[in-house]
Amino acid sequence: MSDAKTEAKQAKPSAVGVFFDELRGSSLLIPVLAIVSGLLLGGLIVAVTSKSFYEVWSTSPLQAIGNGLKAAWESYVTLFAGAFGKPSKIIDAIQGGDALEIRRAFNPLFESLVKSIPYMFAGLAVSLGFRAGVFNIGVEGQIFMGGIFSVWVGYTFKGLPPIIHIPFAFLAGALGGALWGFIPGLLKAKTGGHEVINTIMMNYIAYRLTDWLLREPMKRPGSTNPISPIIEDSAKLPQFFENPIRFHLGFFIALAVAALVYWFLFKTRWGFDLRTVGANPRAARYAGMNIVTGTIMAMSLSGALAGMAGANELLGVNHNLSQTFSPGYGFDSIALALLGRTHPVGVILSALLFGFLRNGAVRMQASAGIPIDIISVMQAFILAFIAAPAIVRTIYRLKEPKKAEAEFHVRGWGGS
Amino acid sequence: MSATTSTLEPGAVSVPQTRRRVLGFAFLGVAAFIWLVFLRGVDPTMDTTMRLYPGGSTVVLDDWVFNTQAMLWIMAAGCAALGAFQLVRGFGRRTGLAFGLVGGMFVFAFLSWAASGGTLNLAGMLRIMVVRSVPLTLGALSGILCERAGVFNIAIEGMMLTAAMIGTIVGSISNLWIGLLGAIVAGGLLGLVHAILSIKYRTDQIISGTVINIFAVGITSFISGKFMQPMPQFNDPGIFVPYEIPLLSQIPVIGPVLFRQNIFVYGMFFFVVFLTFMLFRTRWGLRHRAVGEHPKAADTLGVNVIRTRYMAVILGGMMAGFAGAYFTLGSVGKFDQVMTAGRGFIALAAMIFGNYMPVGAMIAGLLFGFSDSLAASLAVLRVKIPSEFLLMTPYLITMLVLAGVVGRAQIPAAGGKPYEKE
């Protein structure tokens, strides 16, 4: 208990304070360099796979390199415009004064924010797991469970006022995810079955379950496609602007949940116990902390956060369940959580980055013909550089850090 | 995992009393299930017909026709007898065998019941089972190679996917065999990446595997979308046709099932035998396993831990590359985005279910391949069980195995820990 008090005193500075401390220290250098390197390598791939590069390569390599760089530059400009909107278009629209045109001009920016919301929830889910020493690789399955539960509540209950229906559906999603996190948590705590394997398996169980639900019980009547009915209007998360901007309440829910996670992890005794179990289970056991409850709680909470990602997507954007509503948010969020140093503030910033990248890449695919999958490649590079900072240090000739870096190591398959 | 149970001595497992009883009751439960659910709904005059040669076979046999009810009685009685023996005496070391027998009888009872009054092509189903098990078994062998040396490999999926694509491209511009080689090299290179990240830079092995999986999905979809879809000449490698083994392929039932297949099936059998021999009968294998169990001791005795692990992961990558080539060169002959569809993770499951043994992995692979082929034939049999639930079985079984309900996987003791020389 006294430990908890001192810990609470030490963690006095606000979230913003922590952020600026980190900015001044060198701990932000590696993430920034990782992002820069990831973008550069992505650009390199775009360059060498551009037609203007490989068709000229055999005749004049120098010109080919120039062409390739130009292609990469142009696609990043498209990506940037897709993510933030074109400045010229925004100025024209404001001068023109037409409300619809203004909304259209600002739409890319808001769409990027919309895309970053599921990343926030999923990133928080992975981070909370890491803090408690469990590797929740099953966020994707938990997102699906959250989606299933929230959509079911969304279309089954009719005539509820939004003030009741929205929280009901949203929390149902959290419950679905929590259930999918609770099972591997329980298995790890009671039998030692490793959560990495169990959550991978539960991802696929969730996919198959979704397939079946959409084929039989939850199928939209009269539809030939495997999709669920559309949720009631009273369950839809309110949007703040008119068509085409889809920016919705989920963004602020995500920020509030991030604050809640911060408070829970760093300001409560439960959070302190959880982090101690994660950092040093043996010490936690000596201090009389309950490892079994800790692990189960961590996995359930992590699952609940992931479930919220699913609920958010379906209540805020898609409004019905299909097999393709998540483009792999769960897996991307592993990279994201580590990029954000598993801290809620870091997670929000990384989620914004990933959201802007993904939205910009949609535009890049449409207008420059570059498959959106290039951002997965970039994210893989970013994750590699974050997880192996020594590579970044070798590339940029940085000095070894004085204090040991936080390394993430998963304990053995068999637990204990 | 306690330190006293060692994988170096296979078979030295004591079966606790409670587990014996639980399994005994479970066997009796299976017997009761066959009796209650299958037997009571069957018309006593109904027959089940099983066809014993797959379509296109030259060895034609008469169909095997039997009375459904009689067969179900035999199966129920068999399960009950095994259950009773398990309760009273226990099978001891042969528990796994008894478990397999009960499972087999249950599946056969299910098939007889589902096909009663109709015809089921048993041989065709077995053939599909063998084919579907190939990537699972080979992927599991890849995992065994890595994890026996103490490096977790959850990147089997990504390695297979990348190899499938590289094999297709290389095969399209040269020939099949060079394509296969390209796939193996691609797998080996990703293995090298995994090794560098997790051994040299001591990245967490799960994260390193995740890097490869994300990268593989991204790069294959990118290249497929940018080049292979607009330019189909890069996506037409052809396929390895089945090769009939003389004489052996003429054996009734098992001939067409086992000996009229392509090189990937033969490769699977070869590698299962070869790897078992190498891992458990050679000095190389002993060192390999020692590095996975107790790297410090191995190091003290002069084994180069780092080099052994590098080799293990690269070989594992090459094995995954061979498995990946199956998807394109051995099966459909063209690459599609994310075509491995999670097979790499079922391979991981097969590895755990097979207790890190090559033969065990193949049995698990065949079992999971069977659930796959059963799911495909459920529609034909008009059974009211959603095929999705059958497709879930590999995952559920793996979770049960990990939880220690059905046997207990013996995980290499040093798995997941980067080695640091002191």
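**Chatting through the sheet and helices of chain B**

Reply: Let's start with the sheet: strand 1 (residues 47–51) of chain B and strand 2 of chain B run antiparallel and are joined by 4 bridges. Strands (E, at least two residues) and helices (H or I, at least four) are DSSP runs, numbered from the N terminus. Strands pair if DSSP finds at least two bridges between them.

Me: What kind of model is this, and how are things numbered?

Reply: This is a predicted model: local features need pLDDT of at least 70, side-chain atom pairs count only at pLDDT 80 or more, and totals for chains, interfaces and linings use all residues. Residues are numbered from 1 along each chain as its sequence is written, with chains lettered from A and ligands numbered from 1 in the order in which they are written.

Me: Which residue is the bridge partner of B:Met50 in strand 2 of chain B?

Reply: B:Trp64.

Me: And in what order do the 3 strands form the sheet?

Reply: The order is 2-1-3 in an open sheet of chain B, with mixed pairing. Strand 2 (64–67) and strand 3 (119–121) of chain B are the edge strands, each pairing on one side only.

Me: New topic: how do helix 1 and helix 2 of chain B cross?

Reply: The axes of helix 1 (residues 17–38) and helix 2 (residues 68–88) of chain B come within 8 Å and cross at roughly 165°. Axes are lines fitted to C-alpha atoms, for helices over the stretch in contact, with angles from 0 to 180 degrees between N-to-C directions. Therefore helix 1 of chain B is roughly antiparallel to helix 2 of chain B (over 145 degrees counts as roughly antiparallel).

How values were computed:
Parallel < 35°, antiparallel > 145°, perpendicular 65-115°, else oblique.
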